[in-house]
Number of protein chains: 2
Amino acid sequence: MPEGLCANDIAKLENIISATRRVKRGETLFRTGDRFDSLFAVRSGSIKTVVTHDGGREQVTGLLLAGDALGFEGIEEGVHTCDAIALEDSSVCVVPYTLFERMCRETDALQRRLHRMMSHAMNREVNHVVRLGLLRADERVARLLLDLSSRLSRRGYASSEFTLRMTRDDMGSYLGMTLETVSRTLSRFDKAGLIEAQGKFIRIRDFEALRAV
Amino acid sequence: MPEGLCANDIAKLENIISATRRVKRGETLFRTGDRFDSLFAVRSGSIKTVVTHDGGREQVTGLLLAGDALGFEGIEEGVHTCDAIALEDSSVCVVPYTLFERMCRETDALQRRLHRMMSHAMNREVNHVVRLGLLRADERVARLLLDLSSRLSRRGYASSEFTLRMTRDDMGSYLGMTLETVSRTLSRFDKAGLIEAQGKFIRIRDFEALRAV
DNA sequence: CGAGAATTTGATGATGATCAAACATAGTGG
DNA sequence: CCACTATGTTTGATCATCATCAAATTCTCG
């Protein structure tokens, strides 16, 4: 989290975000309608955000990994507009918003960091829109795998091998397609030698081909 | 723009955002790759944001009306990540970002306002994701019409009658479908008495039925 | 007013949804 | 720790929605 902040600032920041919260797999960090008063940063594990549309249909709108921040959607109305659900046992830093806002007024490096994080979150959503609006089913799946791969490798994990934390149903919801189509697409990629897929375990065998899907 | 700001603050703010820029229909306010140094607020007219995917396919990611702010996507990397194109002759306020950021540090009401605007922009994108991921073609068209209607009425225009500023192609791109499907859907809504659609002119005849599509 | 752009409508086909059933996996309680 | 049950996954068959291709109008703006 540091970078651009002096030691003194970091100390103040750590004081504010001292609280850590643990969320077990399947439990919610916050729910639609909950009062917004903190931002969160994933410390370990992974979290999905879900919007429930009238009629019960659910859309997974975000997949957050260690280091990712969430909760910004609640700023607008002071109320959270989605559910945040742990995909595995996870822990998050709790950042009380009012205090954090005040600190951002005092420290420009922190302010810049916050704005970049929010801008980043927006760009993530825009990418998601492009994925859903422009790509075919197999392209979407390929992009999700490559996306996860690069995000995991940036976090120090192997880029070509990982274990999905979400179900086929979650993937389908995230990608705007059914779980069956996700499953079929992965099987096809497997048979074509692009990946190795056995259940939740994925190994990417041919990055170039996957990018070219 | 005021509310929550004292007269003195407003004067300072107006000093910063004094510049207005005119953009003719079809012209770009900024382009992908342009250096980011200002936020913009639509003063009059309307603007679309477009992301061009490798392969030339284009996705309309946003539709901005008078009062809407844009440009936040550029904060993250200091470079704009989409094109902003005027749908009609428009004018925008130019808000130099560094100055504005400084002012936000001095005035908490302004800071809160900025954060709410960014949060609002995020929620807009999330709604867009839900629309693309969860709704069928006719539901998407209905939602777009209702969305435009309510946004226009909030701006003091009639809610049941308006003239689209975009082409069928733009609508299709925004909604993740082809222009033909948009056209057919509007024709069907027209025949069913939900709306009256002649070219770019739209009159909503039955809000309830449109919401229930 | 005329030419290029946008829209409408039709015919056809492909992609992905839905329904269904067998199979695998993981989580739980005895 | 194992067996059992829930839940999740795979695969097949069929069908609906929407994309594509095509052609006839209709706008609109220079």
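Modeller: Packing here means contact, that is, heavy atoms within 4.5 Å. This is a predicted model: local features need pLDDT of at least 70, side-chain atom pairs count only at pLDDT 80 or more, and totals for chains, interfaces and linings use all residues. Residues are numbered from 1 along each chain as its sequence is written, chains are lettered from A and ligands numbered from 1 in the order in which they are written, and side-chain values use heavy atoms, without hydrogens and water.

Biologist: What makes helix 5 of chain B mostly covered?

Modeller: Helices (H or I, at least four residues) and strands (E, at least two) are DSSP runs, numbered from the N terminus, and helix 5 spans residues 168-175. Buried means under 20% relative accessible area, exposed over 50%, partly exposed in between (1.4 Å probe, protein chains only). Just after the helix, B:Gly176 has a positive phi of about 65°.

Biologist: Why is A:Gln111 called buried?

Modeller: A:Gln111, in helix 3 of chain A, has a relative accessible area of 1%, so it falls under the 20% limit.

Biologist: How do you know that the side chain of A:Gln111 makes a polar contact, and with which residue?

Modeller: A polar contact is a pair of N or O atoms within 3.5 Å; within protein, one must be able to donate a hydrogen and the other to accept it, and residues adjacent in sequence count only if both atoms are side-chain atoms. The side chains of A:Gln111 and B:Arg105 make such a contact at 2.7 Å. Leaving aside neighbours within four places in sequence, A:Gln111 is also in contact with A:Cys104, B:Glu101 and B:Cys104.

Biologist: What makes strand 1 and strand 6 of chain A edge strands?

Modeller: Two strands pair if DSSP finds at least two bridges between them. The open sheet of chain A has 4 strands in the order 1-8-3-6, with antiparallel pairing. Strand 1 (20-23) and strand 6 (69-70) each pair on one side only. Strand 6 pairs with strand 3 (residues 38-44) over 2 bridges, and A:Leu70 is the bridge partner of A:Phe40.

Biologist: Which residues come nearest to DNA strand C?

Modeller: Near means that a heavy atom of the residue lies within 4 Å. Of the 18 residues around DNA strand C, those that come nearest include A:Ala137 and B:Arg184. A polar backbone atom of A:Ala137 is 2.6 Å from a phosphate oxygen, whereas a side-chain N or O atom of B:Arg184 is 2.8 Å from a base nitrogen. Helix 6 of chain B gives the most to this surface, with 5 residues.
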